[in-house]
Amino acid sequence: MKPDLILLIVTILVALIFDFLNGFHDAANSIATVVSTRVLSPKLAVLWAAFFNFAAAFLLGSAVAKMIGGGMIHVESVTQYVVITGLFGAIVWDLLTWWWGLPTSSSHALIGGYAGAAVMRSGWHVIIAEGWYKTLIFIVAPIIGLILGFTFMVAIYWLLRNKAPRKIDAWFRKLQLFSAAAYSLGHGGNDAQKTMGIVASALYGAHYLSAQELAGSWGKFHWPIILAANASIALGTYFGGWRIVHTMGSRITKLKPVGGFCAEAAGAITLFSTALAGIPVSTTHTITGAIVCVGAVNRLSAVRWGVARRIVWAWVVTIPAAALVAAGTFWLVRLFYPAA
């Protein structure tokens, strides 16, 4: 087997491992609210979320994948070494924040790692400014989730102000199944696509895809890329990251079914919109913003602001931290293999 082919296989496997860890790390995004409100047991919740993560392969297109694959970094500067060291930077940061129990963004880690490796190889001119403007503008996705969550919560309180709390609770325990499913679709549709873009870039770097195919539907690799990425993230979600479930589901604020429904619905709408528009956003920060605001609607003291502050700091440093790890890794690779 040729060395280039072995490197390609290793790169794709690393990308799918990252995708698995993305699901593992971000399992809380899909299930924390439905578990904390006791609508589903943890085992049933992860199965529910994993199924809809995979189903997103057939529903939300590949616009985000196209942005990651060719809209943020000039593809002529991409080699398999850039891809694999970028993935390494993202994986290291994901594992560290998983260990610390912080719901940081795997998406931001991925784009930060990819950019860090590419810049280390070719310089700053490799960056496509337009793609980064879109991404950085929508780094405020938590604020969108926050506003929608607040709006839904206030509207429901007003519309159902004369209903018995027990009846409201019973209604929203059922509705939360739908909101959790919708959020899991958005999570799979947004995050799995980022890995699709990376895998397509690796195939391009190994000359298995032309520039035209990379910008189009990936030729004969279209469905293999999509199904592999969605299956990996679904498996990661199924095995779950319980340390972060605890943070998201109970340490930020205590949720009731109506609050869980509002947070998930707000997150799902945000993710559907950005996925169809081809804008990679953080699923973690989107749901975190919604949970914080839903808790604050009742009273500001219902939110544990110390935990929220740690999450914000992790949010700010994720892209540069992953970029630095990836850039350092690429530099080490080039010491031993100057052609990288």
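## Basis and overall fold

Helices (H or I, at least four residues) and strands (E, at least two) are DSSP runs, numbered from the N terminus. By this assignment the protein chain has 15 helices and 0 strands. The model is predicted, and local features need pLDDT of at least 70, side-chain atom pairs count only at pLDDT 80 or more, while totals for chains, interfaces and linings use all residues. Residues are numbered from 1 along each chain as its sequence is written, and side-chain values use heavy atoms, with hydrogens and water left out.

Of the 340 residues in the protein chain, 58% are buried; buried means under 20% relative accessible area, exposed over 50%, and partly exposed in between (1.4 Å probe, protein chains only). A contact means heavy atoms within 4.5 Å. Among contacts with a separation of 6 or more, 87% join residues 24 or more positions apart. The accessible surface of the chain is about 14500 Å², and carbon and sulfur atoms hold 72% of that area. Accessible areas come from the Shrake-Rupley method with a 1.4 Å probe; for residues, only the protein chains shown count as cover.

Helix H1 has 23 residues and spans 32 Å from its first C-alpha to its last, close to the 33 Å expected at 1.5 Å a residue. The expected span is 1.5 Å times one less than the number of residues in the helix. Buried positions in H1 include Leu7, Leu8, Val14, Leu16, Phe18 and Leu21, and also Asp19, Asn22 and His25.

Helix H3 (residues 42-55) has 14 residues and reaches 20 Å between its end C-alpha atoms, close to the expected 20 Å. Its buried residues are Ala45, Val46, Ala49, Ala50, Phe52, Asn53 and Ala55.

## Nonpolar cores

In soluble globular proteins, nonpolar side chains tend to be buried together. A nonpolar core is here a set of buried Ala, Val, Leu, Ile, Met, Phe, Trp, Tyr and Cys residues joined through side-chain atoms within 4.5 Å. The largest such core has 54 residues, and Ile73, Leu87, Met196, Ile198 and Trp218 have the most contacts inside it. At least two residues of this core come from each of H1 (3-25), H4 (63-70), H5 (80-100), H6 (106-122), H9 (165-205), H11 (222-239) and H15. A second, separate core has 19 residues, including Leu160, Phe172, Ile287 and Val294.

Tryptophan 218 sits in the loop between H10 and H11. Tryptophan 218 counts as buried because its relative accessibility is 1%. Leaving aside residues up to four places away in sequence, tryptophan 218 touches Ser62, Ala65, Lys66, Met196, Ala200, Leu209, Glu213, Ile225 and Ile226.

Threonine 270 lies in helix H13 (residues 257-277) and is buried, at 4% relative accessibility. Threonine 270 and leucine 148 are 122 residues apart in sequence, yet 8.6 Å apart in space, C-alpha to C-alpha.

## Positive phi angles

Tryptophan 218 has a positive phi near 65 degrees although the residue is not glycine. Histidine 207, also a residue other than glycine, has a positive phi of about 70 degrees. Histidine 207 is placed in the loop between H9 and helix H10 (211-215). At 71% relative accessibility, histidine 207 is exposed, whereas tryptophan 218 is buried.

## Salt bridges

Side chains of opposite charge can pair when their charged atoms come close. A salt bridge is a side-chain nitrogen of Lys or Arg within 4 Å of a carboxyl oxygen of Asp or Glu. The whole structure contains 2 salt bridges.

One of them joins aspartate 169 to arginine 173, with the closest N and O atoms 4.0 Å apart. Both residues lie in helix H9, 4 residues apart, or about one turn of the helix. Aspartate 169 is partly exposed at 29% relative accessible area, and arginine 173 is partly exposed at 28%. Aspartate 191 and lysine 194 also form a salt bridge, at 2.7 Å from N to O. These two are separated by about one helical turn because they are 3 residues apart in helix H9. Both aspartate 191 and lysine 194 are buried.

## Nonpolar surface patch

Met120, Trp331, Leu332, Leu335, Phe336 and Tyr337 make a nonpolar surface patch of about 690 Å². Patches are made of residues with over 30% relative accessible area and no salt bridge: like charges are joined within 9 Å, nonpolar side chains (Val, Leu, Ile, Met, Phe, Trp, Tyr) within 5 Å. Helix H15 (residues 305-336) gives the most to the patch, with 4 residues. Tyrosine 337 belongs to the segment after H15 and is partly exposed, with a relative accessible area of 40%.
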